[in-house]
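This report examines a single protein chain through its side-chain contacts. It is intended to be read alongside the sequence and the coordinates.

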Amino acid sequence: MDSQRQQVGMQLPEGAWWDWDVIAWDAAELRLAAGHDLTYYHGLELVFGDPTLVSCPAKFLDPVFRAPTSEEIARVTRQIGEESPVLVAFEADAGGLEPVSCLIAAERFEVVYETVLRYWRADAAPGQRFASWVRPQGSY
């Protein structure tokens with residue numbers, strides 16, 4: 001599989017995407033959220049359907065996306081037994097002295113660009129949704 005095919009869809013919308021975290025991860029989906037301050041909302045999600053390999057911290061800053069190296073492609077192929085339809089590589093600041101190399105392999109990939117509130121607001125505007133863990137006040 002060539003690097004061009006693996007990078008399809010990695011063009012992020014314009015925005016301040018320096019804070020990132022994992023907001024959902026199970027066998028069916030890995031969801032990364034991004035924004036300029038994740039306290040109240042995020043505006044971007046990278047959704048990886050049927051992830052087969054995930055190597056990234058739960059929270060990180062300033063990722064620099066790049067084409068996977070031939071070594072990374074070979075490693076993933078060996079580990080999952082076949083070429084991955086989606087392979088995303090990036091370097092990110094995880095709070096250590098050096099950037100962390102990250103790699104995500106999955107069957108599908110989608111970029112979701114919308115405001116996702118991380119706290120309850122009765123007056124949420126049309127087009128805004130709540131993060132999956134947010135509950136209306138008094139419904140706990």
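The structure is a predicted model, in which local features need pLDDT of at least 70 and side-chain atom pairs count only at pLDDT 80 or more, while totals for chains, interfaces and linings use all residues. Residues are numbered from 1 along each chain as its sequence is written, and side-chain values use heavy atoms, with hydrogens and water left out.

## Nonpolar cores

A nonpolar core is here a set of buried Ala, Val, Leu, Ile, Met, Phe, Trp, Tyr and Cys residues joined through side-chain atoms within 4.5 Å. Buried denotes under 20% relative accessible area, exposed over 50%, and partly exposed the range in between (1.4 Å probe, protein chains only). In soluble globular proteins, nonpolar side chains tend to be buried together.

The largest nonpolar core comprises 17 residues, and those with the most contacts inside it are Trp 20, Leu 32, Phe 48 and Phe 90. Two or more residues of this core come from each of strand 2 (29-35), strand 3, strand 5 (86-93) and strand 6. Strands are DSSP runs of E with at least two residues, numbered from the N terminus. Another core, of seven residues, lies apart from the largest one and has Leu 53, Ala 89, Leu 103 and Ala 105 among its members.

Phe 90 has a relative accessibility of 0% and therefore counts as buried. With neighbours within four places in sequence left aside, the contacts of Phe 90 (heavy atoms within 4.5 Å) include Cys 56, Phe 60, Pro 63, Val 64 and Ile 104.

## Aromatic rings

A pair of aromatic rings is described by the distance of the centres and the angle of the planes. Rings of Phe, Tyr and Trp (its six-membered ring) are paired if their centres lie within 6.5 Å; planes under 30 degrees apart count as stacked, over 60 as edge-to-face and the rest as tilted. By this rule the model contains eight aromatic pairs.

Trp 20 and Phe 60 form a stacked pair, because their ring planes meet at 10°, with the centres 5.9 Å apart. This pair links strand 1, which holds Trp 20, to strand 4, which holds Phe 60, across 40 residues of sequence. Both Trp 20 and Phe 60 are buried. The pair of Phe 65 and Phe 90 is tilted, at 5.1 Å centre to centre and 50° between the planes. Since Phe 65 belongs to strand 4 and Phe 90 to strand 5, the pair ties together parts that are 25 residues apart in sequence. Phe 65 is partly exposed, with a relative accessible area of 22%. Trp 20, Phe 60, Phe 65 and Phe 90 make up one aromatic cluster.

## Salt bridges

A salt bridge requires a side-chain nitrogen of Lys or Arg within 4 Å of a carboxyl oxygen of Asp or Glu. The count by this rule is nine. Three of these salt bridges are tabulated below.

| Asp 21 | Arg 118 | 3.0 Å |

Glu 72 counts as buried at 12% relative accessibility, and Arg 66 as partly exposed at 22%. Salt bridges that share partners join Glu 29, Arg 31, Glu 45, Glu 114 and Arg 129 into one network.

## Val 112

Val 112 belongs to strand 6 (residues 100-117) and is buried at 15% relative accessibility. Beyond four places in sequence, Val 112 is in contact with Gly 43, Leu 44, Glu 45, Val 47 and Arg 129. The C-alpha atoms of Val 112 and Ala 33 are 9.4 Å apart, and 79 residues separate the two along the chain.

## Positive phi angles

Most residues other than glycine have a negative phi. Asp 50, which is not a glycine, has a positive phi of about 50°. Asp 50 lies in strand 3 and is partly exposed, with a relative accessible area of 31%. Asp 62, likewise not a glycine, has a positive phi of about 45°. Asp 62 is located in strand 4 (residues 59-66) and is partly exposed at 46% relative accessible area.

Technical notes. Helix = DSSP H or I, 4+ residues; strand = E, 2+ residues; numbered from the N terminus.
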